[in-house]
Amino acid sequence: MKAASKRKINNLCVFRQRTKNDDNSELSMDIVLTARKTGKLCLSSRGLSSVPDRVWTINELTEEELKDLQVDLRNSDNQNKWWEYEPLKSLDLSSNSLTKLSEDVKYLGDLVNLDIHDNLLESLPEEIGSLTKLRKLNLSSNKLRTLPCKFFSLAELRCLDLKSNLIKELSPAIGDLVMLEYLNLSSNELTSLPAGLGYLVRLIALDLNHNKLKELPPDVMSMRALKKLDVSNNRLEVVHPLGELRKIERLDFHMNNLSSFPDVNGCTSLHELCLSHNSITEIDVNCLESLGQLKILNLSNNEIEVVPEEIIMLINVEQLDLSYNNISDIPGCVGVMPNLQNFAIDGNKVRNIRRDIVSCGTPRIMQHLRQTINPTNTETSNSPLRVCSANSYPDKYTMRNAKLLSLVGQNLAEVPDEVFENAKEAEVTCVDLSRNKLQELTDAMSKVTSTTDLKLSYNLLTELPKWLGESLERLRYLDLSKNLLTSLPASLSQLRLLVEINISFNKFEEMPECIYEIAGLEILIANDNKMSCINVPALSNLKRLAHLDLSNNNIGYVPPELGNLKNLRMLSLSGNCFKQPRQATLMKGTEEILAYLRNRIPTQM
C-alpha cells in the first residue's frame, strides 16, 4: 500500500501543471548578469508556458541592485563591474509552449534579433511594433492567423520568418516593411497575395511554398533585387512574365497546375529552374536564348512531347531532368551539350535510345547521341554547337543569337583567325574550346573582349599568352583544367571580375602567384597537380574565397592557420600525403576541418 501511495504521489509531481513561479525561476541572477554583459539572452527549450517577468525589465536595475551599486562604486578595485552592461539585443524564446507574448515586450526597445519559433502563439500584441530596431524576427511554427496593425511599423526589419502558421490573408501594409531582404511565408493557408508586396524592392529571397495560391500579383516584378523565389506546392495556373527579375537565380514552381512554360525571357542570371509535376505540354524555345547561365532545369512529370533542338542553347546546363513525360525522340544535339553531367529521361517511351542504354546513365546516353549526329543533317546544321568539318565553323549570326562560340570536341589543333573576328562582331560572352588539341592560343582570340566565360579544358596547352589577362578584362569564369600547364602569366592578376578559376589536372608544383592577387576570386579549383605546400598568408588575401579544392596533390603539411579562413564553405584536401588531419576528420566536412585546424594553432604566451 505504501509503495502504491508513493507511486501515486510521484505521478502527480511529474504531471502537475506548470506555474508562473516555475517560469520565473528559469531566469536566475547568473543568467541575467551574463545577458547584461553579452546583450544576448537564450531561454530556448525551457518548457516555458509564459515569459519570465524579469525578461521585460532586464535592462533596469532593481532597488537591491541600486543599493549594491552604491557600495561597489566605492570599491575602486572591483573587477566585476556588473553595472556596466550591454542592452539586450538578442532574445531567444524558441521551442517552448508560449501561448501569449506580453505587451511588456515594448520595454525591450534595443532588440535586434527576436526568435520565438516553435511555440503556440495565436496572436501578437500591438506593442511589438515598438521594437523599432528589430532586424531579424522568427515567428515560424506557431498558430498565428493574423498580424497586428502595429507589426508593420518594424521599419528596420531585414529578415522575417512566418513559416508554418495559419495565416490566410496578408495585409497590404506588408509593403511598409521596405527594408526586408528575406521573407518566408511558406506552409500557411494563403490563397492570394496583397498588391503591397511589390514595395519590398530590397527583397532577396521570397518563400511561398505549401500555400493555396492560384496566381502571383504582377507587382512581384518590382522586386528587382530578388534572387530566390519559391512558389512550389501551390495551385498556380498561370504566371505573369518574369523578365524584369534580372537578378533572379532560383525559380521553383514545382507541384502546381501550370499548363505552359513560364515566360522567363530576360532572367539572364537564372541558375536553377524547377517546373516538375505540372501539366506543361511544350518547352518555349523563345525563353531558352536568355538562359545562358542556367545550370539546373527540372521538367519531370509533365506532358511534354517534343524536345526542341534549341535546347542546346543552354550551354551551361549541368542537370537536365525530362523524366516521366510523353517524349518519343531525343535530338542528337543534346549529346554535345558541353556541361551536361546528369540527364534523366526515364519514364518516357523514347524510340531513338534503347532502354538498356538509358539504364546505363548519362555518360552512355550522351555517347550514343553523339554517335547519331550527322554533320550534314538539318537537325544540327543550324545548331550553335554543331559538329564542324575542317572548313565549317559557326557563323557570326548563329553566334550572335546564342552569344556563344563553341568548338567542343572537334580535335582542332588550331582555330582560324576569321572565327574569332566573327565572334568579336557577334559579341559572344562564352568561348568553349574544350576537348581539342590546342597547344597554343592565337592572338586573334584576344579581340573577343566581350568574353566572360572561357573554357579551355582537355587540350595540350603548356603556356598561356600575356594578353589573356590584359585583353579579356570582363572574364568571370576560366577553366584551364586537364592541360599541361606549369605556370600562369602574371597578367591574370588584372582580371578583377574573375570569380572562378579551374587549374585542376595540370602540372603545377606550386600555386601561381598571380592567383593570390585576384581579389574577387570565390572559387579556386586546383586538385590533381603536384603542389607540395599551402601558402596561407597569400590565400588570406582572397577575402571572398569560399571554395578551395587542393585534393590529390603532394601536400605534406597543412598549416593550422588555414583554419582562420572562415569564409570557406568548401575545403577539399583528400588524397594528399599529410598525416594530420586524419581521413576521419576530412570526411566530416569543411566546418569540422577548419575547427580542427584552429584548435591546433599554438597559443601565444
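The model is predicted: local features need pLDDT of at least 70, side-chain atom pairs count only at pLDDT 80 or more, and totals for chains, interfaces and linings use all residues. Residues are numbered from 1 along each chain as its sequence is written, and side-chain values use heavy atoms, without hydrogens or water.

H7 spans residues 362–371. Helices (H or I, at least four residues) and strands (E, at least two) are DSSP runs, numbered from the N terminus. Buried here (under 20%) are Thr362, Ile365, Met366, His368 and Leu369. They lie on the same side of H7, because their arc around the axis is only 160°. That arc is taken from the directions from the helix axis to the C-beta atoms.

Now the loops. Asn301 has a positive phi, near 55°, though it is not glycine. Its loop runs between strands E11 (296–298) and E12 (319–321). Asn301 is partly exposed (between the two cut-offs), at 28%.

Asn411 also has a positive phi, near 60°. It is found between strand E14 (404–406) and H10. Asn411 is exposed, with a relative accessible area of 54%. H10 covers residues 417–426 and includes Asp417, which is partly exposed at 40%.

Last, a cis peptide bond. It joins Gln580 and Pro581, with omega about -5°. Pro581 lies in the loop between strand E21 (570–572) and helix H13 (583–586).

Key
Buried < 20%, exposed > 50% of the residue type's maximum accessible area, 1.4 Å probe, protein only.
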